[in-house]
Amino acid sequence: MASHKTNLLIGTNHGLYSLNLTTESVEKVSDKNLEFSTINDIDVYNNKEMLATSSGLIVWNGSGTESSVYDYSGLKTECKSIYPLDNKIWVTTSHKGAFLINNDLDKAAVSEVLDKANGFDDNQISGMVIDESGNTWLSTRSSLYRYDKSTKNVFAYRTNHGITVGEIT
């Protein structure tokens, strides 16, 4: 969910809805890119609503007419979560790992990718959080990972660390 002025945006597996906080009425957002999309996460970045959807990373224009689907280095795949960080944004995906996108979305470039090549079991990364020490924590279907950006090392936490097998969120 994300707040947009007097509206609360609600992502569902049937698209995007807007709850008017004044009238308490709910309307389905009419947008061809969101019509059949599952909305996995919503966040605001540079005053724009960013939607991690089953169709890819979508920037919603807020007017309910037509959004933009961004395809940076293969991000036109199911995006699971969004994590704004300073002048960049992390996007996790269900098939291609996690992408760090630079500031300007219209000229965006991927500056970092975390995936199997970095030591992950698979490329299905469902969640992310960054702790006070700057470590990036990522979850997959079977493990929790800590990525140390200064050393570029990946540390896995699995069943031998006490984590029960199953998708970690």
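This is a predicted model: local features need pLDDT of at least 70, side-chain atom pairs count only at pLDDT 80 or more; totals for chains, interfaces and linings use all residues.
User: What makes strand 13 and strand 16 edge strands?

Analyst: Four strands form an open, antiparallel sheet in the order 13-14-15-16. Strand 13 (125-130) and strand 16 (153-157) each pair on one side only. On average, neighbouring strands here are turned by 25° against each other, direction ignored.

User: How do you know that strand 14 and strand 15 pair?

Analyst: Pairing needs at least two bridges. Four bridges join strand 14 (residues 136-140) to strand 15 (residues 144-148), so the two count as paired. They run antiparallel. L138 has Y145 of strand 15 as its bridge partner.

User: Why is R146 said to have no salt bridge?

Analyst: R146 sits in strand 15. Its nearest side chain of opposite charge, D148, is 4.5 Å away.

User: What makes the link between R146 and Y157 a polar contact?

Analyst: Their side chains are joined at 3.3 Å. The cut-off is within 3.5 Å, so the pair qualifies. R146 also touches other residues, including W137, V154 and F155.

User: Why is one side of strand 9 left without a neighbour in the sheet?

Analyst: A second open sheet has four strands, in the order 9-10-11-12, with antiparallel pairing. Strand 9 (79-85) and strand 12 (110-114) stand at its edges, each with a single partner strand, so one side of each has no neighbour in the sheet.

User: How do you know that strand 10 and strand 11 pair?

Analyst: Four bridges join strand 10 (residues 88-93) to strand 11 (residues 98-101). At least two are required, so they pair. I89 has I101 of strand 11 as its bridge partner.

Conventions
Residues are numbered from 1 along each chain as its sequence is written. Side-chain values use heavy atoms; hydrogens and water are left out. Axes are lines fitted to C-alpha atoms, for helices over the stretch in contact, and angles run from 0 to 180 degrees between N-to-C directions. Buried means under 20% relative accessible area, exposed over 50%, partly exposed in between (1.4 Å probe, protein chains only). Lys and Arg count as positive and Asp and Glu as negative; His and the chain ends are not counted. A salt bridge is a side-chain nitrogen of Lys or Arg within 4 Å of a carboxyl oxygen of Asp or Glu. A polar contact is a pair of N or O atoms within 3.5 Å; within protein, one must be able to donate a hydrogen and the other to accept it, and residues adjacent in sequence count only if both atoms are side-chain atoms. Contact means heavy atoms within 4.5 Å. Lists of a residue's contacts leave out its neighbours within four places in sequence.
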